[in-house]
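Please open the model in your viewer and keep the selection panel at hand. We will go from one selection to the next, with a short note at each stop.

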There are 2 protein chains.
Amino acid sequence: MQFNALVNGHTLVMDGPEKVGGENNGPIPKPFVLTALTGCTGMDVIVLLRKAGKHVKDFVLKVEGEISPQPPIEYTGIHLVYELNGDEDLQEDVLNAINNSQENICGVSKMLKRILPLTWEIVYNGNQIFNNKKNHILEDISG
Amino acid sequence: MQFNALVNGHTLVMDGPEKVGGENNGPIPKPFVLTALTGCTGMDVIVLLRKAGKHVKDFVLKVEGEISPQPPIEYTGIHLVYELNGDEDLQEDVLNAINNSQENICGVSKMLKRILPLTWEIVYNGNQIFNNKKNHILEDISG
């Protein structure tokens, strides 16, 4: 069941788990949608900070996708967690870079926002400095 | 700019090209959306044929994404080409498996169809036996 995908000159292996007849030689395909999202917005943030002559020490992006209960199984919601560490005076730049990526630059975010609620939170030096997941749920209830 | 993505136990490398400050150590992120699509529908087809006790000799999937002219750059159309080789009497099974994946099983296809025209063609033993791209364009005109 293994597929070797050639993507701009690089080969990626995809495979199914053993339980569906694969050999688990690579990731299953569907989460690549989430991978595209993290790479897209993550690189935006790095590029925006670099352009301003700034950089963070660590940057970890976590992503969680809710899936539909019945096939065809698709994502019905996505939540991103941006975890960064760096100088305290970079906090505002980090907030602005992530906001800029989410609102103006990241095409994968824009595509996904057309079909599902995409929320994100930002943890800087261990402190949560932004989270629109709660707001989003409240909006859903009021709507 | 390199990101190492951990996806169900497997690590994928993403990177930007040199011109935007990356080192080209891995694919850029956005096409992972297309990779997810090819892996999803490709594995469906293999699984469906296996369940029927059948298999093809070769299977290549090509995918082409149209992108928006302005940022945020998103896909605005996708065309898949399924190229398979195998026994002549499998042609109908192949057609049915791909149709079943596209209409009923592949969650990535379903997500993408919500936001863009997704078309596909099937080439079996070198002969094009299905193509809904032309139909799709005609539908667009008549609509």
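What follows is a tour from the single chain to the interface and then to a few local details.

**Before you click.** This is a predicted model, in which local features need pLDDT of at least 70 and side-chain atom pairs count only at pLDDT 80 or more, while totals for chains, interfaces and linings use all residues. Residues are numbered from 1 along each chain as its sequence is written, chains are lettered from A and ligands numbered from 1 in the order in which they are written, and side-chain values use heavy atoms, with hydrogens and water left out.

Stop 1: Select chain A and colour it by secondary structure. Walking from the N terminus, the order of elements is β-β-α-β-β-α-α-β-β-α. The C-alpha trace of chain A spans about 50 × 45 × 25 Å along its principal axes.

**Stop 2: both chains.** How is chain A laid on chain B? A turn of 180° with a shift of 0.0 Å along the axis does it, at an RMSD of 0.0 Å; the superposition is by least squares on the C-alpha atoms of residues with pLDDT of at least 70 in both copies. That is the relation of a two-fold axis. The same surface serves both copies, as 100% of the contact residues of chain A recur in chain B.

**Stop 3: the interface.** Select the residues of each chain in contact with the other (heavy atoms within 4.5 Å). This picks 50 residues of chain A and 50 residues of chain B. Together the two chains bury about 4100 Å², 75% of it on carbon and sulfur atoms; buried area is the accessible area (1.4 Å probe) that two parts lose on being put together, summed over both. Highlight A:F3, A:M43 and A:M111 next: they supply 17% of the area that chain A buries against chain B, more than any other three residues.

**Stop 4: charges across the interface.** Zoom in on A:E74 and B:R114, a salt bridge whose closest N and O atoms are 2.6 Å apart. The count between the chains is 4 salt bridges, each a side-chain nitrogen of Lys or Arg within 4 Å of a carboxyl oxygen of Asp or Glu.

Which elements line this side of chain A? β1 (3–7), β2 (10–14), α1 (32–51), β3 (58–67), α2 (91–105) and α3 (107–113) each supply at least two residues. Of these, α1(A) gives the most, with 12 residues.

**Stop 5: an aromatic pair.** Select A:F32 and B:F32. Over all chains there are 7 aromatic pairs, counted when ring centres of Phe, Tyr or Trp (its six-membered ring) lie within 6.5 Å, with planes under 30 degrees apart called stacked, over 60 edge-to-face and the rest tilted. The centres of A:F32 and B:F32 are 5.5 Å apart and their planes are at 25°, so the pair is stacked. A:F32 lies in α1 of chain A and B:F32 in α1 of chain B, so the pair joins two chains.

**Stop 6: backbone details.** Go to A:P71 and A:P72, joined by a cis peptide bond with omega about -5°. A:P72 sits in the loop between β3 and β4 (75–85) of chain A. In chain B, the bond from B:P71 to B:P72 is also cis, with omega near -5°.

Finally, select A:N24, in the loop between β2 and α1 of chain A. A:N24 has a positive phi of about 55° although it is not a glycine.

Methods:
Helix = DSSP H or I, 4+ residues; strand = E, 2+ residues; numbered from the N terminus.
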